[in-house]
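Here is a short exchange on how some terms for secondary structure apply to one protein chain. Please keep the sequence and the structure in view while reading.

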Amino acid sequence: MKKRLLIFLLGIFSIFSAFSQQTVITGSVKDAISNQPISNVTITIEETQQTVLTDDLGVFSFSTDVPLGEQVLRVSKVGYLVKRYPIVVNEGQTVNITDMTLEVDPNETANSFVISLSDDELNGDDDGFTDNISGLLQSSRDVFLNAAAFDFSSTFFRPRGLDNSSGKLLINGIEMNKQFNGRPQWANWGGLNDVQRNQEFSMGMSPNDNTFGDLAGSTNIIMRASKYREGGRVSFASANRSYQGRIMASYSSGLKSGGWSYSILASRRFGDEGFIDGTLYDSNSFFASVEKQLSEDHSLNFTGIYAQNRRGRSTAITDEVYRLKGREYNPFWGTQDGEIRNSRTREIEEPILMLNHFWSLSEKSTLNTNVAYQFGKIGNSRIDNGGTQLEFGPGGEAFYTGGARNPDPAYYQNLPSYHLRFDNPTAYDFQNAFVHEQEFRNDGQLDWSPLYEANARAGKNSTYIIQEDRNDDTQLSISSIFNTEINDNINLNASLNYRKLNSENFASVKDLLGGTGYLDVDSFAEEDPQSSTVLTDIAQSDVNNPNRIVTEGDRYKYNFEIDANVINGFAQAQFKYSKVDFYVAANVGKTSYQRNGLFENGYYLGNASFGKSKKLDFTTYGVKGGLTYKISGRHLIDLNGSYFTKAPTIRNSFSNSRQNNNVVSGLTEETVNSIDASYIYRSSLVKARLTGFYTNFSDGTDIGFYFTEDLAGLGIEEDAFVQEVTTNIEKRHVGVELGIEAQVTPTIKLKAAASIGQYTYQNNPNLYLTSDDFPGELRFGDGTTNLKDYHVAGGPERAMQLGFEYRDPEFWNIGITTNYFSNAYVDVGALARTANFGLDYDNQPINSYDADIAKDLLKQEEFDDYVLVNVIGGKSWRIGSYFLGFFATINNVFDQEYKTGGFEQSRLSKYDTLLEDKSREYGPVFGSRYFFGNGTTYYLNVYLRF
């Protein structure tokens, strides 16, 4: 008995002895002004690069593999000045540094500029090349990603060739990527810069506590009332890029007695036009968050976001239009009663209501449950010039008259090249070309008066109206996120997510332009000789309501719903040791879509357009893993690998959802596999990262819509508005990226960044066309398009930067960067790379076909390289407990002109017609269309923080 007692006592003594000999670094961090604890502060032991975050009480602790001797703690958080604390660590002792303080960064406003860029470049995410991922990179302190977010984004550079549908954006743990196209709709929270600073970012497929992630990284914007420091901020911004002015005011209470906290914000952005002519900006944003700490373990947070946004749109233009009018030209606007009016506006109004419950199950386990409800509308307006009249012949037969010419001032028939399109033009042709050139140069804007005059005829329907394409979504999102620390070395993360979407899609009459009504029929409808269906039935948008006269606010043309359900789960284990950190993760999901047609289209009778479509079901899964090997405290090797599948988006699942229930043939999940390897160097003076990456995409799908004159497969000279469906797309993205910065003096930092990539198609995908102008699916030859080895368009593949920053102890700073871009390519037309290219209208080979000439015709255009110089600077003053300051940037200082992207028109897609057009002496009529970068632009922000 005594022996057992002795062993027991010795065991207890050993445990306490071991505990007492454990080497520990612990401490806490507070705000230097408010004296409140700061959570999510990054504490780093510089020698080993070990990192922990402070908890809600501002407390942190290192207890595993703690280095001995003289060490330096680096204390940092976005919005605060970085501090370094020297300490001495002795074996078996505890180093306790309580109440370390961080001071607010007076130049904090600079961090908000990236979000301002996101407002500008990510709102119009359906405008072709106007999408990138700068917003996803806002919270990253990585040298290369900072360059990509600040300086490369204006060129629509995409890190690793990825657009924003390849990144995950969460707010309070709820995914915000749209199910329609996979992209976050940044306008939903635009103008809320002051409450977007608390962010968690994971680069690429590296581990993330909330989500499995995606290739372009994952960002979780934390909008909890208790996470905002106490104080307010008022600011005014002036710019000439997208909006001309912005007013913003915000206030956060901090944690009050009784466990309450709140945060509010209101802002307005406005402008008659940005850098591009006629691009109005009208936006109002409101934010409110209230949190109640129910107990030490439970907290409940409500967040409400309302961000209304209305913007005038612009478009890509041809080289001919650019030469005549310049890069600022926009054909969509004209003056009406002395005011600028844009015919194409985009309106977004989708409020978000969110409830979040935070539960500390124990000291090492948390459960976060979130519910979000989003509703509202997205509307895109344009001129509909297809207004007609219902007439009756002598025998009582019905027919339609009317329709009108395209009023677009940049319409190809209004340009000089159209009048000089034939060989050996006459004096009359030159006269016509000169007249049109002068009219276009001197005016060239939309004339609203003839539209109203055409509609003013007594007893007639409107010929012109403003059509609004509407997308009214209602979505419920639920997520539950579990995190637990098994021990000092192992963390487990898991989440379960569900999203239910009902999306109403329809065209509505926004403005009758002085008319009294509009006949809801297809003015381009033609009878099929092989069908007994009469024209008056074919032309109906809804055969159940034939020849309907619609007025403002009515739905017309198309009307359908999409129901979507997504459920997915994710689990991850993270292991951290002295020499190596590694992780493994997996996810699985189920996605379903179904269309419900509310109009029975005249071309697609019965269930072909009316009622519910076939239900589409997709099963997705993925695995990923990676490790960080610590050669020493300064030298690290980082590896990440992943293999996963993604469901096609709603946009790419139905070949023409506006008219029918047809599903894309051969539709399946896209497969992605990726690997990247990095060498990382970190010291107190130099930070560097060199990364090589490889990604392969397979079984991708894409749908395009356009008008073409060249369909040899029909055996006739047929014009048609078609849907181009491309499936089985395989792409490869490979390259290297580098970021390095050196703090050469306490005030001067030098930095450099570079990305060299190659993003190409790796196969010849399948392609077919559908249209209401011909039956079924139209394929050419073996049914493929020869895209192999063509470059995937989307900004420059190569970008390089050299720059410096100077931060004066008196709180002023300036930075200059020089940025070089090259290897950007036009988006090639897939139809011109099919067998259709070499066929005549009799479906036989073109006799004059020359393989060498054809190769030149189909060569992908590469844009010229260019250099952009950007300047950034600011100054702040501390006046008691107030901070007054300003922040300014000048982009493209030397007003460089450059193309950011573009696409080939597919109107002409055969060898002979394309050769004829490209060989015209006075320029092609249907040349490629381009997006041009902005000239010199500025952004100035003046703020007061209290």
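Q: Which residue in S7 is the bridge partner of Asp31?
A: In this predicted model, the bridge partner of Asp31 in S7 is Leu102.

Q: Why are strand S4 and strand S7 said to stand at the edges of their sheet?
A: The sheet is open, with three strands in the order S4-S1-S7 and mixed pairing. Strand S4 (59–62) and strand S7 (94–102) each have a single partner strand, so one side of each is left without a neighbour in the sheet. Neighbouring strands of this sheet are turned by 20 degrees against each other on average, direction ignored.

Q: How do you know that S8 and strand S9 count as paired, and what lies between them?
A: Pairing needs at least two bridges, and two bridges join S8 to strand S9 (residues 174–175), with the strands running antiparallel. Leu170 has Glu175 in S9 as its bridge partner. The two strands form a hairpin with two residues between them, and Asn172 in the turn has a positive phi of about 50 degrees.

Q: Which strand pairs with S8 in the parallel sense?
A: That strand is S11 (residues 218–221), which pairs with S8 over four bridges, and there Ile171 stands opposite Ile221.

Q: What does it take to call residues of strand S8 buried, and which ones are?
A: A buried residue has under 20% relative accessible area. In strand S8 (residues 168–171), Lys168 and Leu170 point one way and Leu169 and Ile171 the other way, and all are buried.

Q: How do you know that the length of helix H6 agrees with its number of residues?
A: At 1.5 Å a residue, the 16 residues of helix H6 (residues 427–442) should span 22 Å, and its end C-alpha atoms are 22 Å apart, which agrees.

Q: Why are the buried residues of H6 said to lie on the same side?
A: The buried residues in H6 are Asp429, Ala433, His436 and Phe440. They cover an arc of only 70 degrees around the axis, which puts them on the same side of H6. Their cover includes helix H4 (319–325) and helix H5 (416–419), whereas the face turned away from the buried side carries the exposed residues Ala427, Tyr428, Gln431, Phe434 and Asn442.

Notes:
Residues numbered from 1 in each chain as written. Predicted model: local features only at pLDDT ≥ 70, side-chain atom pairs only at ≥ 80, totals over all residues. Heavy atoms only, no water. Expected span 1.5 Å × (residues − 1). Buried < 20%, exposed > 50% of the residue type's maximum accessible area, 1.4 Å probe, protein only. Arc of directions from axis to C-beta. Contact = heavy atoms within 4.5 Å. Axes fitted to C-alpha atoms, helices over the stretch in contact; angles between N-to-C directions.
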